[in-house]
Amino acid sequence: TEAIGLYNLGQSCCLNSLLQVFLMNIHFTRILRRITVPSSPAQRRNNVPYQMLLLLEKMQCGKCKAVGPRDLAYCLSEHRVKLFVQHDAAQLFLTLWNLLKKQMKKPELVEELSDMYTIYMQEHLACQKCSFEIKSKSTMLTLPLPVLDASSHRLKTLDDCLQYFFHPEELTGQNMCFCQQCGRKTTFLQSMKLVHLPQTLTLHLKRFCFERSSRTHKLSHYLPFPQELDLREVLTEDQCQADDSEKATWQYELFAVVAHSGSTSCGHYCAYIHSLTDCQWYCFNDSEVCLVSWDDVKCTYGHSNLYWGETAYLLFYMKKHPQ
């Protein structure tokens, strides 16, 4: 009935933030409560969905302000998720998701989990010399949105990032593709089109920039994102491969923000989550949980002069009118 924190076990802020985003999503916990309980103690210790369910019950039944995710962390370490190290939130989110899907035994639950988070795309490759086209389907857990364009200019809004991601790209020079019709390598136009969007849409703002020197630096510039997002208004007809009934569900409300503060080598994660039960924003900072306002969430937009300040890294949007 109230927001409960998670104790930091030692550089576990990234894991804690993602767990809160999963467990505060009542659509996800409805699936979690229907899992098959593993038969043996050893299987139960190593089953991620079951350990996540135990943690949820511990959080809901306990009277403490925070609980320790020790058993779940031990379970994850058995699946090669390192403890006591800094994680990248986007990578760890994918790891947790894959473990959940792999260990949920009921096919219908795996399907529901996929429907909840999976983005369906179609990739188009079109030869610029003839009419030859290649179309292939793909799925994604997150949309990895660049925050800089090809000329390293800053993209100013979330709409700009989405537009840039779906903008067709010409593959020339070393990136040319072999055209079966022309019988040689030619210039191709590559484009991505949206086919289906899930109940919970996850956007990954690519704020960690990898340089040729193998060093990483963080892009902390100001990048606002809205509380309400309508993909029909952001994307053009050419960027979608969906019918009107599908596009009618592409209206979203912001559910959670996983924010990063500090540098790439020494950073900290916390989560801002809009409770689906009392419709208020909370900040989950490990064991500390407090009520916050939308203005507090907007502080994660970033600021070029505040290198150590908080910047949004993962955005979780939830459908307003699911089918």
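**Legends to the close-up views**

**View 1. The whole chain.** The secondary structure of this chain comprises 11 helices and 18 strands. The chain's radius of gyration is 21 Å, close to the 20 Å that the globule rule gives for 323 residues, so the chain is as compact as a globular protein of that length. The model is a predicted one. Along the principal axes, the C-alpha trace spans about 70 × 50 × 40 Å.

**View 2. The two domains.** The domain assignment places residues 1-118 in domain 1. Domain 2 is made of two stretches, 140-167 and 198-322. The C-alpha centres of the two domains lie 22 Å apart.

**View 3. The interface between domain 1 and domain 2.** Here 32 residues of domain 1 are in contact with 33 residues of domain 2. About 2,600 Å² is buried between the domains. Carbon and sulfur atoms give 66% of that area. On the domain 1 side, Val 21, Met 24 and Gln 86 lose the most area to domain 2. Together these three residues account for 21% of what the domain 1 side buries.

View 4. In the model, Glu 288 forms a salt bridge with Lys 65. The closest N and O atoms of Glu 288 and Lys 65 are 2.7 Å apart. Side chains of opposite charge can pair when their charged atoms come close.

**View 5. The side of domain 1 that touches domain 2.** Five elements each supply at least two residues to this side: strand E1 (5-6), helix H1 (13-23), helix H2 (26-32), helix H6 (89-103) and helix H7 (107-117). Which element gives the largest share? H1 does, with 7 residues. By type, the residues of this side divide into 18 nonpolar, 11 polar and 3 charged.

View 6. Lys 320 sits in the segment after strand E18 (311-319). Glu 228 belongs to strand E13 (residues 228-230). The two partners are 92 residues apart, so the pair links distant parts of the chain.

Technical notes:
Residues are numbered from 1 along each chain as its sequence is written. This is a predicted model: local features need pLDDT of at least 70, side-chain atom pairs count only at pLDDT 80 or more; totals for chains, interfaces and linings use all residues. Side-chain values use heavy atoms; hydrogens and water are left out. Domain bounds come from an automatic or database domain assignment. Contact means heavy atoms within 4.5 Å. Buried area is the accessible area (1.4 Å probe) that two parts lose on being put together, summed over both. A salt bridge is a side-chain nitrogen of Lys or Arg within 4 Å of a carboxyl oxygen of Asp or Glu. Helices (H or I, at least four residues) and strands (E, at least two) are DSSP runs, numbered from the N terminus. Ala, Val, Leu, Ile, Met, Phe, Trp, Tyr, Cys and Pro count as nonpolar, Asp, Glu, Lys and Arg as charged, and the others, Gly among them, as polar. The radius of gyration is taken over C-alpha atoms; the globule rule is 2.2 Å times the number of residues to the power 0.38.
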